[in-house]
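Subject: Structure handover

Hello,

Here is the structure I promised to pass on.

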Amino acid sequence: NTSSSQPNVLVGNLRKFEFQFPLSVLEQQKIANILSTWDKAISTTERLINNSTQQKEALMQQLLTGKKRLLDDSGKRFEGEWKQVIFGEVAKLSSKKYNPLKANQCLPCIELEHLDQGSGRIIGSANASELASMKNHFEAGRVLFGKLRPYLRKYARPDFEGVCSTEIWVFKTTSKLLDEYLFHFVQTDKFVSEANKSSGSKMPRADWGVVSELVIKIPNLKEQQKIATVLTNADKEIELLDQQLADLQQEKKGLMQVLLTGKKRVVVDGAF
């Protein structure tokens, strides 16, 4: 390291670095082969995630535009024209607020940093009672969408009651639109493109006056539910693969700690 603001590694320091390693080339090769096996599994899982994500995005664009129709409960393909509506007529912004200085209920608070980009996952929360600023309140199952820098695609559908930053829209649907369906619709290029017609340059924010006027077509509630179920199942498959990837990465890290330090030895015939 150096005293500059950009830390870097000095070659001289590397030359002085001491570490332990097995003298046997065969043992070195065996350790490398074991770790390479995990590397291959990690790479394979990463490809599966990438393929599944692309397939889900393609399916979403087809199902949410009516280009692909699913089967109803009787096994027949859904028919009939979708109804053209204005987005602001089927989805409203919730006006319910939460004042932490006056509230007597402790609720989890979601900030923009707690929304994982492009996945719909909530990756953290804060304690609303410990905050001072006014927040938006949401009920379980409501759709959230980050209006600040909307191109980041930060959205979620919490299964719990809570509060969130005022930089996050809380949608309240009408009887014509299911929350489950809306959750997937806000992920589409059509919606994000409209949200990106924003105000502000350095810190652009989606303009509800623009987004609310978006003209869309929606199917009946039964078809909405079918579409939402298919896309939700696709999300669950991707989430499972993500967990498998995290597990593999953690396992490899653990193996490196014991194999590359000599805490655990291998023998050339493959047995530990």
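Lys-56 and Asp-235 are both buried. Buried means under 20% relative accessible area, exposed means over 50%, and partly exposed lies in between (1.4 Å probe, protein chains only). The side chains of Lys-56 and Asp-235 form a salt bridge, 3.2 Å from N to O. The term stands for a side-chain nitrogen of Lys or Arg within 4 Å of a carboxyl oxygen of Asp or Glu. Lys-56 belongs to helix H2 and Asp-235 to helix H7, so the pair ties together parts that are 179 residues apart in sequence. Helices (H or I, at least four residues) and strands (E, at least two) are DSSP runs, numbered from the N terminus.

Some ground rules. This is a predicted model, where local features need pLDDT of at least 70 and side-chain atom pairs count only at pLDDT 80 or more, while totals for chains, interfaces and linings use all residues. Residues are numbered from 1 along each chain as its sequence is written, and side-chain values use heavy atoms, with hydrogens and water left out.

The whole structure holds 12 salt bridges. Asp-73 and Lys-226 make one of them, at 3.1 Å from N to O. Asp-73 sits in the loop between H2 and strand S1 (83-86) and Lys-226 in helix H7, so this pair ties together parts that are 153 residues apart in sequence. Asp-73 counts as exposed because its relative accessibility is 71%. Lys-226 has a relative accessible area of 29%, so it is partly exposed.

Next, Asp-189 and Arg-153. Their closest N and O atoms are 2.9 Å apart, in a salt bridge. Asp-189 lies in helix H5 and Arg-153 in the loop between S7 and S8, so parts that are 36 residues apart in sequence are tied together. At 45% relative accessibility, Asp-189 is partly exposed. Arg-153 is partly exposed too, at 27%.

The pockets

How much space lies in the largest pocket? About 820 Å³. Pockets are found on a 1 Å grid over the protein atoms alone: a pocket is an open set of points where a 1.4 Å probe fits, with protein on both sides within 12 Å along at least five of seven lines, and lining residues have an atom within 4 Å of a point. Grid points are joined across faces, edges and corners, and a volume is the space filled by probe spheres set on the points.

The largest pocket has 33 lining residues. Ser-119, Gly-120, Phe-183, Gln-187 and Asp-235 lie nearest its centre. At least two lining residues come from each of helix H2 (25-63), strand S8 (155-156), helix H4 (179-185) and helix H7 (221-259). H7 gives the largest share, 9 residues. By class, the lining has 9 nonpolar, 11 polar and 13 charged residues. Here Ala, Val, Leu, Ile, Met, Phe, Trp, Tyr, Cys and Pro count as nonpolar, Asp, Glu, Lys and Arg as charged, and the others, Gly among them, as polar.

The second largest pocket holds about 220 Å³. Its lining has 14 residues, with Leu-64, Thr-65, Lys-190, Ile-216 and Lys-217 nearest the centre. Strand S11 (215-218) gives the most to this lining, with 3 residues. The classes here are 5 nonpolar, 5 polar and 4 charged.

The sheet

Four strands form an open sheet in the order S2-S10-S7-S8, with antiparallel pairing. Two strands pair if DSSP finds at least two bridges between them. Strand S2 (91-93) and S8 are the edges, each pairing on one side only. S7 (143-146) and S10 (168-173) share 4 bridges. Gly-146 has Ile-168 as its bridge partner in S10, and Leu-144 has Val-170. S7 and S8 share 2 bridges. Phe-145 is bridged to Tyr-155 in S8.

Both faces of S7 are covered. Val-143 and Phe-145 are buried on one side, Leu-144 and Gly-146 on the other.

One residue to look at

Gln-224 is in helix H7. It counts as buried because its relative accessibility is 0%. Not counting residues up to four places away in sequence, Gln-224 touches Lys-176, Leu-177, Leu-178, Tyr-181, Ile-218 and Pro-219. Contact means heavy atoms within 4.5 Å.

Best wishes
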